[in-house]
Amino acid sequence: MSIEQKITSLREELRQHNYNYYVLDKPVISDYEFDMKLKELQALEEQHPEFHDPTSPTLRVGGMVTKNFETVTHEERMYSLDNSYSKEDLMDWEKRIQRILGNVDVQFTCELKYDGASISLTYEEGQLVRAVTRGDGFQGDDVTTNVKTIRSVPLQLKGDYPPKFDIRGEIVLPFEGFAKMNAERVENGEEPYMNPRNTAAGSLKLQDSALVAQRPLECLLYSIVGKDLQITNQFEMLAKAREWGFKVPTIAKLCNTTDEVLKFVEYWEVHRHELPYETDGVVVKVNNLRHQDELGYTAKSPRWALAYKFKAEQVSTVLNEITYQVGRTGAITPVANLEPVLLAGTTVKRASLHNADQIAKLDVREGDTVFVEKGGEIIPKIMGVDFTKRPADSRPTQYIAVCPECGTLLVRKEGEAQHFCPNDTGCPPQITGRIQHFISRKAMDIEGLGSETVELLFKEGLIANYADLYTLTKEQVMPLERMAEKSAENLVNGVTASKQIPFERVLFGLGIRYVGETVAKKLARAYKHIDALMTATEEELVAVDEIGERIAQSVVEFFAKDENRQIVDRLKSYGLQFSLSEAQLENQTDTLKGQTFVVSGVFETLSRNELKKLIEDNGGKVASSVSSKTSYLVAGANMGPSKRTKAEGLGVPIISEAEFLEMV
Ligand code: AMP
Ligand code: ZN
């Protein structure tokens with residue numbers, strides 16, 4: 001097989017796997033196998049740029065940066081939809097249609113109304129050429145580079161597609177991926193995102209497509225527009241789009257009467273929570289495209305379609321008790337324990353009350369009847385109190401002052417909403433929580449050891465911190481509940497194997513507050529060895545790119561504690577990795593040692609992250625703002641004017657991307 005054939009066949013194969021996974025939800029190979037094939041293709045494409053293909057699956061990983069999102073006029077306007085909330089609205093609509101069409105038989109296609117960001121995709125000769133947001137309906141922003149990273153958007157169509165058309169749909173962020181993103185943000189000390197819809201819309205406007213590629217976005221399509229499409233009705237249109245490789249939910253239903261339409265609405269009003277993504281109603285469309293033409297549009301929306309909105313679901317129930325949970329970092333979360341109630345198809349017993357301010361704001365008390373709502377989030381929310389039902393002897397909620405687990409006086413830092421138990425070395429859930437974090441998949445990934453076993457080991461007095469794991473013997477573990485010789489052996493072997501886990505993951509595993517996965521990587525790269533990190537001052541730490549004061553302070557605090565230093569020393573003596581490996585250091589030089597760079601704007605050949613990595617790999621430091629300590633300001637297009645003024649004022653040399661590349 002020639003190189004070109006090899007590349008083509010890999011592309012074909014990966015396209016099919018992408019389709020199986022992201023459109024059909026039926027993968028046939030493992031993620032690992034997929035990654036290996038993708039890497040192989042990437043390597044071949046790099047060696048052979050002459051076989052470039054704008055639809056190659058390797059483009060999915062992103063990396064291109066959009067400086068300005070160009071405004072593009074939609075060839076056909078993108079309309080809004082009229083809303084309805086009741087059976088009566090639906091009947092009125094049907095009457096209006098019948099009046100215009102002259103009492104013919106009308107069929108309706110019912111689809112779910114996906115709640116995300118609208119998008120219009122243009123295909124020419126089967127290739128995606130453009131993706132544009134709705135904007136004001138007449139013109140939107142060209143977000144093609146970002147949309148190309150969404151795996152369910154086909155870059156190359158299959159089958160018998162028209163030479164040119166637009167297809168419209170909604171870009172959504174499924175609940176599961178959204179929850180994962182938020183968990184990571186919280187772990188990194190960042191504010192969680194509000195809801196999937198806004199996050200999906202925001203993602204489309206990120207400049208760095210590599211970031212978009214990391215977000216688990218999906219694109220659900222519902223309408224094709226163009227000339228000579230050879231399609232006669234909406235239901236057939238959905239089937240056609242599906243045939244060409246688009247992700248079109250199969251939930252759509254063809255209905256002969258408005259009664260059938262109502263049945264569909266009623267069914268999904270209840271079952272919508274079983275769907276992986278958010279929906280906020282049903283879109284009812286006159287099925288026949290000739291009828292649609294005849295009905296036409298009002299100033300804002302088609303007369304042939306109607307959005308039947310779901311009611312926001314709310315129930316009321318009694319709040320029996322407020323309890324308090326202590327997390328791994330000592331953060332206290334108040335929890336509302338409710339009289340079990342059926343909400344949106346599931347029984348709800350608990351809801352988060354977030355923090356003391358939230359309780360005070362709503363004035364929630366034990367014994368109150370409260371309104372509980374299931375919004376975009378998976379965890380139900382307490383929306384308010386039914387004050388008419390408040391018992392006469394009700395008393396305001398006293399937020400706890402001491403830790404429910406260890407009795408230590410709680411603290412609340414200036415400007416923070418959460419209370420904390422400061423007894424991090426003696427509070428049981430904090431101790432086990434830290435060990436559980438240490439062994440978790442993204443940290444030490446210890447096979448043969450789970451969360452429950454950690455609790456058991458702690459209860460039995462066999463471990464009091466994660467360093468103790470490394471002295472456990474098979475004989476100690478075997479007598480534990482549900483342990484056998486084999487499982488005890490697996491546990492001990494798993495612990496031993498974890499000594500090979502690379503430095504940045506060990507660092508993440510230590511559980512320093514605000515040091516999440518990404519921050520740990522940054523610190524490992526910047527300091528290369530734990531000893532250097534342990535002696536770093538706050539000022540030095542904030543000089544590292546993207547390390548803020550809060551993180552710096554937390555790192556210094558962590559290593560200032562004797563217990564922590566001792567544990568690290570012990571871990572070192574057991575042979576864990578506390579410095580970057582040879583291979584990790586290999587690509588690194590000292591060319592830029594002692595120099596600090598500020599990077600601003602957008603660059604021609606490198607993404608901003610690549611540029612920063614290059615600086616760090618060559619021993620330089622990246623800082624986020626210009627100061628007298630800055631050695632160079634590397635300036636790209638659209639650089640912030642204040643940075644330039646400041647650099648000029650301080651006499652900091654401003655260099656271009658090309659000049660920088662010369663240096664390394
Ligand atoms: P609105 O923004 O409330 O006027 O609703 C109109 C928007 O609903 C459209 O711009 C689409 O982005 C979105 N939408 C979601 N699902 C569908 C669907 N199945 N058919 C048509 N529009 C939909
Ligand atoms: Zn405590």
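1. A contact here means that heavy atoms lie within 4.5 Å. By that criterion, in this predicted model, residues 24 or more positions apart account for 68% of the contacts in the protein with a separation of 6 or more.

2. As to secondary structure, the protein comprises 25 helices and 20 strands. Its radius of gyration is 29 Å, close to the 26 Å given by the globule rule for 664 residues, so the protein is as compact as a globular protein of that length. Along the principal axes, the C-alpha atoms fill a box of roughly 85 × 75 × 60 Å.

3. Turning to burial and surface, 47% of the 664 residues in the protein are buried. The accessible surface of the protein amounts to about 33,100 Å², and carbon and sulfur atoms contribute 49% of that area.

4. With regard to charge, the protein carries 79 positive and 99 negative side chains. The centres of these two sets lie 2 Å apart.

5. S498 is placed in the loop between helix 15 (485–497) and helix 16 (503–509). Is S498 buried or exposed? The relative accessible area of S498 is 2%, and buried means under 20%, so S498 is buried.

6. The surroundings of S498 can also be described. Leaving aside residues up to four places away in sequence, S498 touches M444, I446 and Y470. The loop residue between helix 15 and helix 16 is thus described by both its burial and its partners.

Notes. Residues are numbered from 1 along each chain as its sequence is written. Chains are lettered from A and ligands numbered from 1 in the order in which they are written. This is a predicted model: local features need pLDDT of at least 70, side-chain atom pairs count only at pLDDT 80 or more; totals for chains, interfaces and linings use all residues. Side-chain values use heavy atoms; hydrogens and water are left out. Helices (H or I, at least four residues) and strands (E, at least two) are DSSP runs, numbered from the N terminus. The radius of gyration is taken over C-alpha atoms; the globule rule is 2.2 Å times the number of residues to the power 0.38. Buried means under 20% relative accessible area, exposed over 50%, partly exposed in between (1.4 Å probe, protein chains only). Accessible areas come from the Shrake-Rupley method with a 1.4 Å probe; for residues, only the protein chains shown count as cover. Lys and Arg count as positive and Asp and Glu as negative; His and the chain ends are not counted. The place of a charge is taken as NZ of Lys, CZ of Arg, CG of Asp or CD of Glu.
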